[in-house]
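Please prepare a short briefing on the structure shown below for a reader who is new to it.

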Protein chains: 2
Amino acid sequence: LIRRATAGRRQPPSTLLGPGDDAAVVATPDGRVVATVDLLVQGVHFRLDWSTPEQVGRKAAAASLADLAAMGAEPSALLVGLACPPDTPIAVTDGLAAGLWSEAQRVGVGLVGGDVVAADAVTLAVTALGSLAGRDPVTRSGARPGDVVAVCGRLGWAAAGLAVLSRGTGIPAEPGVGAAHQVPEPPYPAGPAAAAAGATAMIDVSDGLLADLGHVAEASGVGIDLVRDAFEIPEQMRDAAAALGVDPYEWVLTGGDDHALAATFPDAVELPAEWRTVGTVTDGGGVTVDGRPHIGRPGWEHFS
Amino acid sequence: LIRRATAGRRQPPSTLLGPGDDAAVVATPDGRVVATVDLLVQGVHFRLDWSTPEQVGRKAAAASLADLAAMGAEPSALLVGLACPPDTPIAVTDGLAAGLWSEAQRVGVGLVGGDVVAADAVTLAVTALGSLAGRDPVTRSGARPGDVVAVCGRLGWAAAGLAVLSRGTGIPAEPGVGAAHQVPEPPYPAGPAAAAAGATAMIDVSDGLLADLGHVAEASGVGIDLVRDAFEIPEQMRDAAAALGVDPYEWVLTGGDDHALAATFPDAVELPAEWRTVGTVTDGGGVTVDGRPHIGRPGWEHFS
């Protein structure tokens, strides 16, 4: 399986020793490596009747690669642990591998190693390694009162897609939101760009914007106030919300899995391309919208 | 869960940014990182009625740390992905974390990051990062005819322990072999020592000595002949084998999970401490014992 997943693939120059040995060796030019691991479990994070194996592979890689971007890091390599039932069709494992490679190649890295074991449910554990290229990491704890809060990438699309898919076939998944649940499109280069521009704190929006900005507020000891009207609701999302009778701002403010980036910047900074201001950092604590607490849950809770 | 698993633990100086952010940052002084991931799945690799959660945590960390040693690398950090049922008792997750930390501290590294998600079966994905300290990695492909084959660490103990545990309570697991199934004792420092001594190829014995030396033989394009009498059978193993009516050499030659190291060295090299010669590298192909093919399966096959 590992051989099928890696044979004939081209590794970038940073892969000093690729798959096939006990471990891989990856170049880390500035003497540091940024590392993160994310798990995706069948039935919890994906369903193989809603997503193709390739989409699942891309989604798994994206979750880890977005974590690197949120530190301001550029990706260097992926390692993948795959657990799956012994009778998993080869088309499924080939599809997962193709998706992982597809997402890796979008950011110019290789799949350098992995492990494949038997289990009842398909589970992917993706480790991403990255480089800060000499910069400091952008943590969650650097936000300061007076900073602006900005976001880059899609918000609420995956949640809208999940809602549409959960309702069954009555509502067409097209155009857009269903695909957003299947494969996120994290704005990878926006992470290092924000770091270079002087971002004071940054986080990957995986659990929901309010929940994840709550982590920034707590780690930084500040409050964050968002401006509801700063969020545009795209037409596809508005249509889906109307059809399902829900408030699309719930998706935008609390939907996870899009892997947008949220960051804080000193007020004087000119935001990098595609970042948009959505709020300000305050002296208080917690996250508010137009000065008021949000009613409802702030995002996805794995064990709720 | 992540906070409970990492609060109050001391990180080594190589952990530049520890748990609590989107990713960790680890020092890689020679500009390279060695990286590997291993999965352990409940019901496949461990049973929580045969092992304590702490033993499972130690075993999971050991599997990945042994892979680093087999490259000749010294460990730098661990990352852990944990999938478990939402109703998993806190004592179990605390025990897993304690075991992971215990094994990490045996080798002087920290648990720098992780992910916790819901799933039906307890699954651990342990990523280990390491340093070659300026040396070349010792791969599987460098064995040359005329080299000696040597091993370091326990062989067959975990297999004997599994056999004893599988027979139920009729035979006491003490002394030794049952514990060897529960927690391996890889000879971590023997990996970098072998690399420094000039090992030409090395591998972690996780699937069984014959199977893993088969990987070395294939990757190096050589044959390997082992000398059966070079393997000592410890008394506890001899007793367990007699009680179960099996040949203890089967455990030694085909048992996995002890994470011994096997390596090849130029004939002129003085072997580092605790390494013992068990065979020679030949011009042929495959692995033989006393010049003859081994009858039976060479080791553990995950999908057999």
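The briefing below takes up these topics in turn.

This is a predicted model, in which local features need pLDDT of at least 70, side-chain atom pairs count only at pLDDT 80 or more, and totals for chains, interfaces and linings use all residues. Residues are numbered from 1 along each chain as its sequence is written, chains are lettered from A and ligands numbered from 1 in the order in which they are written, and side-chain values use heavy atoms, with hydrogens and water left out.

**Confidence**
- Chain A has a mean pLDDT of 92, with 93% of its residues at 70 or more; pLDDT is the predictor's confidence in each residue, from 0 to 100.
- For the complex, the predictor gives an ipTM of 0.93 and a pTM of 0.94.

**Relation of the two chains**
- Chain A is superposed on chain B by a rotation of 180 degrees with 0.0 Å of shift along its axis, at an RMSD of 0.0 Å (least squares on the C-alpha atoms of residues with pLDDT of at least 70 in both copies).
- This is the relation of a two-fold axis.
- The C-alpha of A:Gly31 is the nearest to the axis in chain A, 2.4 Å from it.
- The copies meet through the same surface, because 100% of the interface residues of chain A are also interface residues in chain B.

**Helices 2 and 3 of chain A**
- Helix 2 (residues 53–70) and helix 3 (residues 90–106) of chain A have axes that come within 6 Å and cross at roughly 40 degrees; axes are lines fitted to C-alpha atoms, for helices over the stretch in contact, and angles run from 0 to 180 degrees between N-to-C directions.
- Helices are DSSP runs of H or I with at least four residues, numbered from the N terminus.
- The crossing of helix 2 and helix 3 of chain A is right-handed, meaning that the near helix is turned clockwise from the far one by less than a right angle.
- Among the residues of helix 2 of chain A in this contact are A:Val56, A:Ala60 and A:Leu65, and helix 3 of chain A contributes residues including A:Val92, A:Leu96 and A:Leu100 (contact means heavy atoms within 4.5 Å).
- By class, this contact has 10 nonpolar, four polar and four charged residues; Ala, Val, Leu, Ile, Met, Phe, Trp, Tyr, Cys and Pro count as nonpolar, Asp, Glu, Lys and Arg as charged, and the others, Gly among them, as polar.

**Helices 2 and 3 of chain B**
- In chain B, the axes of helix 2 (residues 53–70) and helix 3 (residues 90–106) come within 6 Å and cross at roughly 40 degrees.
- Helix 2 of chain B passes helix 3 of chain B in a right-handed crossing.

**Helices 4 and 8 of chain A**
- Helix 4 (residues 157–166) and helix 8 (residues 235–244) of chain A have axes 10 Å apart and pack at an angle of about 40 degrees.
- The contact includes A:Trp157 of helix 4 of chain A and A:Met237 of helix 8 of chain A.
- The residues of this contact divide into seven nonpolar, one polar and no charged.

Definitions and conventions:
Helix = DSSP H or I, 4+ residues; strand = E, 2+ residues; numbered from the N terminus.
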